[in-house]
Every structure is written in structure tokens, then in C-alpha cells.
Amino acid sequence: MAARKFFVGGNWKCNGTGEDVKKIVTVLNEAEVPSEDVVEVVVSPPFVFLPQVKGLLRPDFSVAAQNCWVRKGGAFTGEISAEMLVNLQVPWVILGHSERRALMGESSDFVADKIEYALSQGIKVIACIGETLEQREAGTTMEVVAAQTKAIAEKISDWTNVVLAYEPVWAIGTGKVATPAQAQEVHDGLRKWLVTNVSPAVAESTRIIYGGSVNGANCKELAAKPDVDGFLVGGASLKPEFVDIIKSATVKSSA
């Protein structure tokens with residue numbers, strides 16, 4: 001079985017102007033980073049900037065949308081369909097981010113439906129799962145992330161184009177970061193869940209990435225953990241230190 005290729009995603013969230021985008025992309029385009037066979041890099045600007053970023057970005061990096069609609073387009077004001085992303089040649093989409101689960105009321109079943117539909121249209125998915133602080137303190141972390149993953153597993157059979165992003169909600173944008181041991185524990189638990197409930201092959205090949213206050217200072221220690229296959233980066237993806245996070249892929253390739 002081939003080693004899982006390190007994956008670094010940058011989620012720009014609802015940030016930026018056209019000028020900001022140019023600056024960020026310039027930094028990325030000028031950066032010296034490991035080659036494509038060592039790390040896969042995907043940046044996710046807001047919808048309105050996708051064509052601009054796609055047009056300017058270096059060819060070894062890809063773009064992702066931050067969301068898409070659950071089925072074919074139509075009378076769904078304000079939504080963006082998977083078909084539109086295909087038309088723009090946007091290869092990736094982030095689905096199930098905790099901000100959408102919490103703020104837009106997206107249930108695990110709804111997220112799973114979105115993932116199933118995006119995959120059916122040929123779009124690759126960064127599927128987000130994660131527990132709240134209350135759930136972690138109650139000791140139900142594995143129960144919560146297993147239920148979120150189960151909803152996805154019930155809708156899809158082919159995991160080839162899915163990256164699973166574990167993002168503890170209490171660590172997103174708070175400056176709190178799961179310790180490398182905490183991240184490894186959940187990633188290991190998720191991989192074991194996949195072995196039992198999907199298949200050993202899917203468990204072995206599916207990349208499970210970590211998100212939640214990842215930055216240039218903590219990325220190498222996290223990357224060294226055997227079941228951490230990369231990162232989904234929020235705030236730091238808007239800063240030059242995103243390049244340092246991409247470079248942490250070498251921790252894996254030299255191991």
C-alpha cells in the first residue's frame with residue numbers, strides 16, 4: 001500500500017478583498033515548497049474569488065470551494081451548485097465545516113447528502129468532523145466523531161476522493177490546539193473505526209487531516225504523529241506562515 005500523501009488545505013473562510021487575494025497568492029507562488037509527490041496543497045477562497053485565485057495560482061496547487069448545495073441547482077437563492085464548481089473546474093470542496101454545522105444548522109445527515117452529491121459530480125471532498133468542548137469534557141469525543149463519520153459512510157462506498165478533516169470545535173480560531181497526543185488519539189480512533197465499519201483498505205488509504213489553530217510553530221510536532229496526514233488550516237492560511245505549514249510535510253517524507 002502506497003504511503004498516504006500529505007495534504008495541506010487552507011480555508012480562507014469569509015475573508016479578503018481582491019487586493020488581499022493577489023498578495024496571498026503572490027506569497028504562495030513565490031514559495032519554495034516540497035514537490036507535488038510529497039504534499040498536496042489546496043486553498044479555499046470565498047466563492048467570489050475562486051476564478052481569480054484559480055487564474056493566478058501556481059499549477060501545482062489546487063483550489064477548493066468552501067461549500068456547495070446538496071443537489072442539482074435551481075430555485076435555491078444564494079446557493080452554489082456542484083455543477084457550477086465543475087463548470088469552473090474547481091476540483092475540491094469543503095463540506096461539513098463546524099461553522100456551517102453550528103451557524104447554518106447543517107446536520108450530519110445533510111452533510112453526508114452533500115458529500116454524496118458532490119462526489120457524484122466528480123468533485124473531491126474535504127469532509128469535516130469534530131466535537132465541541134462540552135462533548136470533549138463529557139468524554140464523548142469518539143462517539144461524536146464516529147457518528148459524524150458513520151453518516152458519511154452510510155451514503156458513500158468509494159472513499160478515494162475523500163479527505164477526512166478532524167477539527168475539534170473548541171480548537172478552531174481559539175488559539176487552543178489539540179496536543180499532538182490528543183490529535184493522534186482521535187485520528188487513530190477514526191482509522192480503527194474505518195477498519196471495522198468500512199474496510200481495512202479504506203482505513204489505510206484515507207487521509208485524516210487535523211484542523212484547529214494549526215500554525216507555523218506547532219505544525220511539525222503534529223505532522224510527526226503517524227495518523228496525522230496533514231492539515232486544514234484556518235487563520236494561518238492567510239499569512240506567510242502557511243508556507244511553513246506546507247513545509248512540515250517533509251517531517252513525513254523523511255521519517
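Tutor: Contact means that heavy atoms lie within 4.5 Å. The model is a predicted one.

Student: With which residues is valine 53 in contact, leaving aside its neighbours within four places in sequence?

Tutor: By that cut-off, valine 53 meets Trp12, Val21, Val25, Val43, Pro45 and Val63. Val53 also belongs to the largest nonpolar core, of 67 residues, where Val53, Val93, Ile115, Tyr210 and Phe231 touch the most other members. A second, separate core has eleven residues, including Phe7, Val42, Ala64 and Cys128.

Student: Why does arginine 58 count as buried?

Tutor: Buried means under 20% relative accessible area. Arginine 58 has 15% relative accessibility and therefore counts as buried. Arginine 58 sits in the loop between α2 (50-56) and β3 (61-65). Not counting residues up to four places away in sequence, arginine 58 touches Leu28, Asn29, Ala31 and Val33.

Student: Why are α5 and α7 called oblique to each other?

Tutor: The axes of helix α5 (residues 108-120) and helix α7 (residues 141-153) cross at roughly 40° and come within 8 Å. Angles under 35 degrees count as roughly parallel, and 65 to 115 as roughly perpendicular. The two helices are therefore oblique to each other. Their crossing is right-handed. Ser108, Asp109, Ala112 and Ile115 of α5 make the contact with Gln148, Ala151 and Ile152 of α7.

Student: What span is expected of helix α8 at 1.5 Å a residue?

Tutor: The expected value is 26 Å, and helix α8 (residues 180-197), with 18 residues, reaches 25 Å from its first C-alpha to its last, which is close. Among the buried residues of α8 are Pro180, Gln184, His187, Arg191 and Trp193.

Terms used: Residues are numbered from 1 along each chain as its sequence is written. This is a predicted model: local features need pLDDT of at least 70, side-chain atom pairs count only at pLDDT 80 or more; totals for chains, interfaces and linings use all residues. Side-chain values use heavy atoms; hydrogens and water are left out. A nonpolar core is a set of buried Ala, Val, Leu, Ile, Met, Phe, Trp, Tyr and Cys residues joined through side-chain atoms within 4.5 Å. Buried means under 20% relative accessible area, exposed over 50%, partly exposed in between (1.4 Å probe, protein chains only). Helices (H or I, at least four residues) and strands (E, at least two) are DSSP runs, numbered from the N terminus. The expected span of a helix is 1.5 Å times one less than its number of residues. Axes are lines fitted to C-alpha atoms, for helices over the stretch in contact, and angles run from 0 to 180 degrees between N-to-C directions. Angles under 35 degrees count as roughly parallel, over 145 as roughly antiparallel, 65 to 115 as roughly perpendicular and the rest as oblique. A crossing is left-handed if the near helix is turned anticlockwise from the far one by less than a right angle, and right-handed if clockwise.
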